[in-house]
Amino acid sequence: MNIPLHISQIHESRFNQKPLIVRSPGRINLIGEHTDYNNGFVLPAATDKAVYITLSASTDATCHWFAADFSDEFTTTLDVLQPSPKNWPNYLLGIVEQFQKMGHSIPAFNCVVSGDVPAGGGMSSSAALECATGWGLANLFNIPLDKLTLTRMAQRSENEFVGLQCGIMDMFASAFGKHNEVIRLDCRSLAYEYFPLELGDYQIVLFDTGVKHSLASSEYNTRRQECEAGVALLQTLESDIHSLRDVSEEMLLTHQRKFDPLIFVRCLYVVQENERLLAACEDLKRGDLETFGQRMYGSHNGLRDMYEVSCKELDYLVSFTTTEKSVLGARMMGGGFGGCTINIIKADAVDDLFERIQKAYKIAMGLDLKMYKVSIEDGTSILSI
Ligand code: GLA
C-alpha cells in the first residue's frame, strides 16, 4: 500500500482540505547501546519503515486527529494540554507543548497518522511520530525550525510530556538519516559524521522477539541512575568528570575497590561500549565487516552480562546465529528487555536462516518470530505526491 497517498485521501475526504504530508523514519542502531544518555557515541541509521502524518489547519478551532491504523479519533483544543489515556495523541501533544514553550502558539490542526514501523519492535516509532509532527507543524505554520532544534524538542517532549527519560539517539536518527549511511553521533557535542554502510552481499535484518517485558522502562531509569551514581563517585576522586564519557577503563580500574561492584560493572560496560563503537567505525572505514560483526557480538555480551538489559528471547536469537556462517554479527538493539535483534546476514541466506530460526524459536520460547529486512533511507522530510 502507498501509505502517504492513502492517508492524504483519508485526510481530504474527512476534512475537505489538501494536506501537507510528512515522513519520518524508524531507526536501527548498529552499535553503541545505552551510551546516548551517558554523553557517549551511537551509530544509528534511519530506515525504510516510517511514520507518516498529513496536516492542515483546522477551520473550527478544534483539532481533529485520526490514527488510520487503528481507526481511532481524537479531538482537542490546544489551550490546556493534558496527557491522554489513548497514548498515541501524547506524541503530538508533547510537540505542541514544546512549540508553546518556545513561544509559538500553534493553531488548531487536523491530521491523519499512519505508518509501517513495527509497533513494539524497538525501532522508535514514537520518536518518528514526534519528529514528523514537529517538522510538519513548523512547515504548515511557517515557524523557522532546524533539525537540531527539532531533535531536541522531540527528546524534551518524550521526557516531559510522555514521561520517558530517553536519550537523543532515536530522534536524531529519524531526523538526520541519510540513504545508505550510518550516523556516528557524539551525544556530548551533538557533532555527527556520516559513514557509508557498504554491505555488499550482506543485508541488515531484524528479528522481532514479539515480547516487551514490563521491566523495560523501570530498568531503563534504574540504569541511568546507576551510571549517575558511578559518575558521582568518580567526581570525588578525579577532576573534570561530567559523565562516563570523561572516564577511561584505566581510571575505572584504578578506583575499582571504592565502587559498589554492580555500579562498577555498569560503568565499565558503558566505557567499553564507547571504545567498541569507535573501533567499529574504523572497521567500517577499512571495509572490514567481519571484525565489525564480531564487535556486535561483543556489544551483546556486554549488554547481557554487564549491563543486564537483555532477556532470554533476545539471547536465544543472538546465540542461534553464532554458529551460522552467513551471519557476520548480531546483538540486541535499543533499550532491551524485548524488541528486536539486529543482524548482518548474507542476503541469499536470509530466508533459509529465517525458516530455521523461526521454527527453533517457536519450540524454545513458544513464540512467533517476525523478521524485517531493512534498508537505510533518508530522515524526516516533507513529501509531495
Ligand atoms: C532507547 C532510548 C534511546 C537509547 C536506547 C539504548 O531506545 O530511547 O535513547 O538510550 O534505548 O541505547
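Strand 4 (residues 63-67) and strand 6 (residues 109-115) pair in the parallel sense over 4 bridges; two strands pair if DSSP finds at least two bridges between them. A67 stands opposite V113 in strand 6. Strands (E, at least two residues) and helices (H or I, at least four residues) are DSSP runs, numbered from the N terminus. The model is predicted, with pLDDT of at least 70 required for local features and 80 or more for side-chain atom pairs, while totals for chains, interfaces and linings use all residues. Residues are numbered from 1 along each chain as its sequence is written, and side-chain values use heavy atoms, with hydrogens and water left out.

Both strands belong to an open sheet of 6 strands with mixed pairing, in the order 5-4-6-3-1-13. Its edges are strand 5 (72-76) and strand 13 (381-383), each of which pairs on one side only. From one strand to the next, the twist averages 25°; axes are lines fitted to C-alpha atoms, for helices over the stretch in contact, and angles run from 0 to 180 degrees between N-to-C directions.

Helix 1 (residues 3-15) packs on this sheet, touching strand 1 (20-29), strand 3 (44-57), strand 4, strand 5, strand 6 and strand 13; contact means heavy atoms within 4.5 Å. The direction of helix 1 makes about 150° with that of strand 6. Helix 5 (residues 169-176) lies across strand 1 and strand 3, running at about 125° to strand 1.

A further open sheet has 4 strands in the order 10-11-9-12, with antiparallel pairing. Strand 10 (327-332) and strand 12 (370-374) are its edge strands, each pairing on one side only. Neighbouring strands here are turned by 20° against each other on average, direction ignored. Strand 10 and strand 11 (residues 338-346) pair in the antiparallel sense over 5 bridges, and V327 stands opposite I345 in strand 11.

The ligand is surrounded by residues including R27, E33, H34, D36, C166, G167 and Y220; a residue counts as near if one of its heavy atoms lies within 4 Å. The table gives polar contacts, a term for pairs of N or O atoms within 3.5 Å.

| Residue | Protein atom | Distance to a ligand oxygen atom |
|---|---|---|
| R27 | side-chain N or O | 3.1 Å |
| H34 | polar backbone atom | 2.7 Å |
| G167 | backbone N or O | 2.9 Å |

Taken alone the ligand exposes 310 Å², of which the protein buries 93%; accessible areas come from the Shrake-Rupley method with a 1.4 Å probe.

How values were computed: Polar contact = N/O pair within 3.5 Å; in protein donor to acceptor, adjacent residues only side chain to side chain.
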